[in-house]
Amino acid sequence: MSPDSQRSQNPRESQDSHKPGDVRTLASYLDAWADDGLASTIRAVAGACAEIAGLVRGGALAGVLGETGGVNVQGERVQHLDDLSNDLLLKALERTGSCAGYASEEMEFAATFGEGAYLVTSDPLDGSSNIDVNVSIGTIFGVYPAGPAGFLAPGRTQAAAGYAVYGPSTMFVITNGTTVDGFTLGPESPEIPGAGDFLLTHPGIRCPQSGSTYSINEGYHDRWPPGVRAWNDYIKRQDLADGPAMSLRYVGSMVSDAHRTLLKGGIYLYPEDSTAPNGKLRLGYECNPLALVFETAGGAATDGRRAILDIVPSELHQRTPVAIGSRDNVALYGAFHSGERE
Ligand code: AHG
Ligand code: MN
Ligand code: MN
């Protein structure tokens, strides 16, 4: 049987095929949302992501590679694309009227715009170390109601969340907490429809219940706590009772590693270690948005002890350990992390 004939004709079953003739745009998808303010906020984020995709596509020709020489609030060296992406999101959201404020990895303090029902958090450019080497990178965003907790609301309150991944194709994945849907940016090609529009290619994404790929920076093995090392040693054993031995994939861009994990199953982790007791990744604009995507798609997200979405933040740039992925894989990790299994 040829690979083509094995492929499902139903894009809901085959998460990586696109039914010819199905060209629903993100714009028309969002027009159907009952909440205009939420839809216009997402439209602004998606528009900025399409512009970022253009810059990423241009690479060295667009003059976007390299460092600015500055250091952000996290103490990380800022790349030109970090700054450019942040500016595009900030300006797009400021114009909406529906967004009351914007917090970002690249800004020490949140920007406030006045009236508006929503707040947006973002990692404008995720995977900065991969910019200069032409490897997939992304943008992550969470949309929170503009309530009394402001940007310090738990992730479960997010009205919507998602990410863009700038890979061989650009995708925009969004959840409103009910479904997870993926759109592909039409390329400038006479043979492919939808140039410049996001088209619905991955409706109703579901994360497989278990998977055989794990994704972690294993170079940090000796810094991990005993439970993380025990889990890591266990999943590499060939006589695994919980399924086949696992394969390692680590891009080093959370968005890219999470996107693969969402579609194919498995687990992505950035745990605490002896040099980073709360891990590296930020709760409000990296972990919470992806946690909402995964939980809505049937997956899970934990810091090892509790659901990421239940954490009540106390700081804008708070870090958290994270393990995200298929439900069974995340549960197994939790059992090792707690010492219930060893
Ligand atoms: P950012 O580029 O937004 O700072 O995020 C980088 C993050 C994440 O995308 C990735 O998974 C992780 O850092 C990689 O860190 P290590 O190099 O420590 O593995
Ligand atoms: Mn990041
Ligand atoms: Mn970033």
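This is a predicted model: local features need pLDDT of at least 70, side-chain atom pairs count only at pLDDT 80 or more; totals for chains, interfaces and linings use all residues.
Visitor: What makes a residue a donor of ligand 2, and which ones are they?

Guide: A donor has to be an N, O or S atom within 2.8 Å of the metal. Asp-123 (OD), Asp-126 (OD) and Glu-286 (OE) lie 1.8 to 2.1 Å from the manganese ion (ligand 2), so they count as its protein donors. Along the chain, the donors of this ion follow the spacing D-x2-D-x159-E.

Visitor: Why is Asp-123 called buried?

Guide: The cut-off is under 20% relative accessible area. Asp-123 comes in at 0%, so buried it is. Asp-126, at 5%, also falls under that cut-off and therefore counts as buried.

Visitor: And Arg-319: buried, exposed or partly exposed?

Guide: Partly exposed, because its relative accessible area is 28%, while buried needs under 20% and exposed over 50%. You'll find Arg-319 in the loop between strand 14 (300–302) and strand 15 (322–325).

Visitor: How do you know that Arg-319 has a polar contact with Lys-280?

Guide: The backbone oxygen of Lys-280 lies 2.7 Å from a polar atom of the Arg-319 side chain, and the limit for a polar contact is 3.5 Å. Leaving aside neighbours within four places in sequence, Arg-319 is in contact with several other residues too, including Gln-74, Glu-76 and Asn-278.

Definitions and conventions: Residues are numbered from 1 along each chain as its sequence is written. Chains are lettered from A and ligands numbered from 1 in the order in which they are written. Side-chain values use heavy atoms; hydrogens and water are left out. Donors are N, O and S atoms within 2.8 Å of the metal (3.2 Å for Na, K and Ca); water is not among the atoms, so sites may look incomplete. Buried means under 20% relative accessible area, exposed over 50%, partly exposed in between (1.4 Å probe, protein chains only). Helices (H or I, at least four residues) and strands (E, at least two) are DSSP runs, numbered from the N terminus. Contact means heavy atoms within 4.5 Å. A polar contact is a pair of N or O atoms within 3.5 Å; within protein, one must be able to donate a hydrogen and the other to accept it, and residues adjacent in sequence count only if both atoms are side-chain atoms.
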